[in-house]
Amino acid sequence: MKFWRRTEKKHETVKEVSPDTPSVSQPLKAKTTKAERRALQEAQRAAKAASKGYTNGNSAVAESGKASPAKSKKQSSQKKDGPPVTSSVTIYKKSGNHPLEKERKKDPPPQRMQFDDQNRVEKAKRRALVNQTEARNRVEIFRHLPQYEHGNQLPNLESRLFQLDSMHPAVFKVGLRYIAGDISGVNARCTEMLRALQDAIIDYSTPPEKVLIRDLTAKINSYVSFISECRPLSISMGNAIRFVKSRIAKLPLSYTDTEAKTALCSDIDRFINEKIIIADKVIVGHAITKIRDGDVLLTYGLSCVVEMILLSAHDLGKKFRVVVVDSRPKFESQALLARLIAKGLSCMYTHINAVSYIMHEVTRVFLGASAVMSNGTVLSKIGTACIAMVAHEFRVPVLICCEAFKFHERVLLDSICCNELGDPDAVATVPGRMDINYLDNWTNKENLQLLNLMYDVTPSDYISVIVTDHGMIPPTSVPVIVREYGQEHYIT
Amino acid sequence: MDFQVVVLAGGVSKKLLPLVSKELPNALLPVANRPVLSYVVELLELSNLKDLIVVVEGKDVALNVGAWISGAYADRLHVEVASVPEDVGTAGAIRAIAHHLTAKDILIVSGDLVSDVPVGAVAATHRRHDAVVTALLCNAPISGPLESVSSGGKDKTKKPGRYDLIGLDPTKQFLLHIATGAEVEKDLRIQKSILRAVGQIEIRADLMDAHLYAFKRSVLLEVLDQKSAFQSLKHDVLPYLVRSQLKSEVLLNGTPQAEENGTEKVNSQSNQQMISQILANASEPTFHLRHTLGTIGSDSVRRAHKCCVYISGSSKYCARLNSIQAYNDINRDVIGEASHLSGYSFSAHNNIIHPTAELGAKTTVGPHCMLGEGSQMGDKCSVKRSVIGRHCRIGANVKVVNSVVMNHVTIGDFCSIQGSVICSNVQLQERAILKDCQVGAGFVVTSGSEQKGEVLAKK
């Protein structure tokens, strides 16, 4: 407002008086200009008030719209949504002049829990169902990620099986398996979690005074927060949960309990079917066209889609070799290797430290992904960025195979913001070699910190094409897919 | 959590005669002045399991046990006492109450277990692996050294008949072989298919089966139906399930898979297969999975089920009351090392003396002792490492060492009791000397008699 007035004044003084000090010109024009200016000011103020009333009304509507999803997400993301709600309200106020843009503007994604803030960590601990003791000797730069003592988690949770009555048995089982490390890989984790939620929904019955939609959403939030305490959720699992919640929210109020439950279960079945199973088949169909006879394909880590591609190509009779690259501490690719050899493919097995020496004979690189961001960066098992970079240097095309439900609207620029810390003891010991025990008491050594990262981020420059169930797209087209297809499936 | 608890409290066991009788069944035998069944019930209550089914043999035993339970736990727990005819064995007991069992998994606890192992952990292991049976294994107790020479010439070689031979896989999660030590004469037979599938078996003799099992209900009832000759869970059902774990004949999902016709069904089946493939590939492959997906070109569909174990930590106490030796040991332990189990608070001298108990002049009560309500001790008595029940009248100059004295016992002057168990309502006249004896209820030991290693009971 002040800005406008000042410009108006300056314009007037320029028009009527020479560009001297405006204070001198005012008494010359004295009454008329002052009255005119007064009238102008009043008119401006009225116009301003009118427009502000409009924007206030708008922002009020938008605020309430934001508040109810915030409320329904209260349980799970109380810790996350608290500050962002206020910050988004201030955004609305600042952009009050441009109502259209404001409606189109998306809210910043809710902040993930940052674990270096002592207060929030304490609050979360009090609410937590799983008792976890924090690890010592944490790396400074990763203090915002949760790190717990891995030895105690499973026994602690196990002995409390019967105390956690609020938890559905299927959900508890999934939580146990996550902590124990029985499942790895996004597809499997997602499928298990959705199946557990399905079981929980089937056994659910609305309490007398409550509405199904809100109560079921609250229950699902509590289950999801339990699961994420056991092991932090991956980004694509967040997509699946958003889908489930949006389906619940869309249930017509006239549905009875049984109708609603059958509808939800069939929705979840459809999600798993379309987004995972059929998507995998489509991806395999696309990717096979990229494999020619005489190819040498390189793969890293254990991706179920890549495994399916290799086996189907072999079944079709194409002649190619596979180089399987593996890394410590998990050695996940060995299982893949065993299955490929059992089917008769000719394979070479090596560790990631030798990648630059074998890359010269590789013709294509197939990698899986845990999630793909809007700027085309790929979040995947640690080591993938290294492989993609080496492949880029040797001008070998890198194909990322991932289903569309793993796309997310976030943007990641580095591997530090959003990552997961694994068990440091796995890095300190070598299985099968008891004599390598130099790091046995590493927790007592204050100047030693062990880091076991699980994920890393591959920039889009190193990726040639992403094979999804919507087709083969360059990394720059990811935001298009998120925008076009995201709305119809995930976001209401 | 979809678990149902069944406590097998037995009846009147022959091994514990003459301590037990029709009036005092197995379950109500006092350990540290509490019926032994109370330890199991408290353990379950700690784990938030409030709905129990207690199975006893014999109708009058059922009445006794029921009366005690409703007296002690009426408001806190919901307990159903079921009685089965005698001598049907544990398997028969489960068959008899099969219609009561509705939950997905059944937790079967032996009523004579004294332990503080978290029951939830066994159940969680069971759920995590989706197992058919999960057994609790604990460190086998070393028979404690008796301060006196062990009972005479009866058995010089202390046969530790309480151990089992357990075969585990390298990750110590799965049960590959189980046999009771007493049964093994010369050789141990192990399934070759299991050995081939796993690669490595660890045979241990230091672990004991604690008789706490988690069963999948459908499988348990199916096995009991099909094999009507099985009498005992521990000796028949469990080894059968362990032996057949790679050649499973039990239906894991309850209902048999119907023949699928039509393309939609084929599609859904192939989708199911894909899902199970994804899940199988993603998880740590257990040897069961490797076996079923194993050799190429095998025609028969092989199914496997899992038998898991939960090995309790060495800090947990676990013992079963199945012999008189065990009774002595458990009494000693509950007041001694495992005193947190007894639930009593210890005095400064490390013993428990009830406030209404009266001690005479110059009477010493050593550490690790227990004196019940209303008991009276004469002058110059000495009590060491023993349990004395309620309302006992103990005369002067009496020495009680390493023994268990139950309620309403009258002990004359100058008696000496060592390593013995004296049941309720017994009268020991003056100068009786008992060493490693068991005196049944209501017996009168004549004055001046000296008994060593005898079982004295009313005929």
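Biologist: Before we discuss which residues meet, what does contact mean?

Modeller: The structure is a predicted model. Two residues are judged by the distance between their heavy atoms, and contact requires that these lie within 4.5 Å.

Biologist: Which residues of helix 8 of chain A does helix 7 of chain A meet?

Modeller: Helix 7 of chain A takes part through A:Ala170, A:Val171, A:Val174, A:Arg177 and A:Tyr178. By class, this contact has 7 nonpolar, no polar and 4 charged residues. The residues met in helix 8 of chain A are A:Arg189, A:Glu192, A:Met193, A:Ala196, A:Asp199 and A:Ala200.

Biologist: Are helix 7 and helix 8 of chain A roughly parallel or roughly antiparallel to each other?

Modeller: Their axes come within 8 Å and cross at roughly 160°. Angles over 145 degrees count as roughly antiparallel. The two helices of chain A, helix 7 and helix 8, are therefore roughly antiparallel.

Biologist: How are helix 12 and helix 13 of chain A arranged relative to each other?

Modeller: The axes of helix 12 (residues 304-315) and helix 13 (residues 333-343) of chain A cross at roughly 10°. Angles under 35 degrees count as roughly parallel. That makes helix 12 of chain A, relative to helix 13 of chain A, roughly parallel.

Biologist: Which residue of chain B forms a salt bridge with A:Lys173?

Modeller: At the interface, 30 residues of chain B are in contact with 36 residues of chain A, and the rule finds 1 salt bridge across it. The closest N and O atoms of the A:Lys173 pair are 3.8 Å apart, and the cut-off is 4 Å. The partner of A:Lys173 is B:Asp130.

Notes
Residues numbered from 1 in each chain as written. Chains lettered and ligands numbered in written order. Predicted model: local features only at pLDDT ≥ 70, side-chain atom pairs only at ≥ 80, totals over all residues. Heavy atoms only, no water. Axes fitted to C-alpha atoms, helices over the stretch in contact; angles between N-to-C directions. Helix = DSSP H or I, 4+ residues; strand = E, 2+ residues; numbered from the N terminus. Parallel < 35°, antiparallel > 145°, perpendicular 65-115°, else oblique. Nonpolar A, V, L, I, M, F, W, Y, C, P; charged D, E, K, R; others polar. Salt bridge = Lys/Arg side-chain N within 4 Å of Asp/Glu carboxyl O.
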